[in-house]
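Thanks for coming. Please look at the screen.

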Amino acid sequence: MKQNTVTVRISPLGKILRCRRGAPLIDILHSYGIEFPCGGKGTCGKCRVRIIEGRATADPGHLLQLEKLGLTGDWRLACMTRCESDLVLEVGQYSGIILADETPFQFAPAEGLGIAVDVGTTTLVAQLVDRRDGKVLAVETALNPQSRYGSDLVSRLEAALAGHREEMTRMIRDYIGEMISRMWNKRKGGPARIVLVGNTVMQHLFSGSDIRPLSFYPF
């Protein structure tokens, strides 16, 4: 069984994963907040990883795409790479500015560490960020525990109106609190700032606000 399993360590997070030998790297990294803007077609280069230890061969098509993107040496595209051996990876997205799309935004350096949380209907993503340079220091991802009340917003609204609102609020707060605690680990003090974003329903459920105005027209 061990011969069919490999270990993948993600730097600088220190995350250690185990997966089936030959498994697509995209399947493993997707759950750790790595974005694949082109949908895993190998055209954008945003999912680049550097092989620090281990072996990840690239076929001619992969090598050609790396050349087009100006990536050489030990760099690979996660969407075109399989886990052939134990690996230690440097994830390109973690060494750049805060994980985001290509929308321009103003970044003003500040002291201390900050935490950004995306409260999605399906998934939760939290990032520990150095506010001096915007680098991501840690990432936590999870499925939204409220999914037990339904996978879509209408189901969540119905559950909240049926008397589950307080439980749903407690659930999401506790879960995000645990994610933040794991990222913060043994650091002293506390974050300088925490920012949460999400759609209107998720914001109401997190804050414990009255959900009824969202359940009928006009919203």
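Arginine 50 stands opposite tryptophan 75, which is in E4. A word on the labels: strands (E, at least two residues) and helices (H or I, at least four) are DSSP runs, numbered from the N terminus. When I say that two strands pair, DSSP finds at least two bridges between them.

Before going on, the source. This is a predicted model, where local features need pLDDT of at least 70 and side-chain atom pairs count only at pLDDT 80 or more, while totals for chains, interfaces and linings use all residues. Residues are numbered from 1 along each chain as its sequence is written, and side-chain values use heavy atoms, with hydrogens and water left out.

Back to that pair of strands. Strand E3, residues 48–53, and strand E4, residues 75–77, run antiparallel and are joined by three bridges. Valine 49 has arginine 76 as its bridge partner in E4. In E5, valine 49 stands opposite valine 91. E3 and E5, residues 87–91, are also antiparallel, with four bridges between them.

These strands belong to an open sheet of five, in the order E2-E1-E5-E3-E4, with mixed pairing. Strand E2 (15–20) and E4 are at the edges with a single partner strand each, so one side of each has no neighbour in the sheet. Neighbouring strands here are turned by 35° against each other on average, direction ignored. For angles, axes are lines fitted to C-alpha atoms, for helices over the stretch in contact, and values run from 0 to 180 degrees between N-to-C directions.

As a reminder, strands of a sheet pair through backbone hydrogen bonds, either parallel or antiparallel.

Now the other sheet. It is open, has four strands in the order E8-E7-E6-E9, and its pairing is mixed. E8 and strand E9 (193–198) are the edge strands, each pairing on one side only. The twist from one strand to the next averages 15°.

What sits on either side of glycine 114? Its bridge partner in E7 is valine 129, and its bridge partner in E9 is arginine 193. E6 and E7 are antiparallel over seven bridges and form a hairpin with three residues between them. E6 and E9, in contrast, pair in the parallel sense, over six bridges.

Buried means under 20% relative accessible area; over 50% is exposed and in between is partly exposed, with a 1.4 Å probe and protein chains only.

Next, what packs on this sheet. H3 lies across E6, E7, E8 and E9, running at about 35° to E7. The largest nonpolar core has 26 residues, and among those with the most contacts inside it are Ile115, Val119, Leu128 and Ile176. By nonpolar core I mean a set of buried Ala, Val, Leu, Ile, Met, Phe, Trp, Tyr and Cys residues joined through side-chain atoms within 4.5 Å. Strands E6 (113–119), E7 (123–130) and E8 (136–143), with helices H3 (153–184) and H4 (200–207), each supply at least two residues of this core. H3 gives the largest share, eleven residues.

Which residues does isoleucine 176 touch, leaving aside neighbours within four places in sequence? They are Val117, Val119, Leu124, Leu196 and Phe206, where contact means heavy atoms within 4.5 Å. Apart from this core lies another, of 25 residues, including Ile28, Cys47, Leu77 and Leu87.

Two single residues are worth a look. Glutamine 146 is in the loop between E8 and H3. Is glutamine 146 buried or exposed? Glutamine 146 is buried, with a relative accessible area of 1%.

To close, the overall counts. The protein has four helices and nine strands, in the pattern β-β-α-β-α-β-β-β-β-β-α-β-α along the sequence. Of its 219 residues, 39% are buried.
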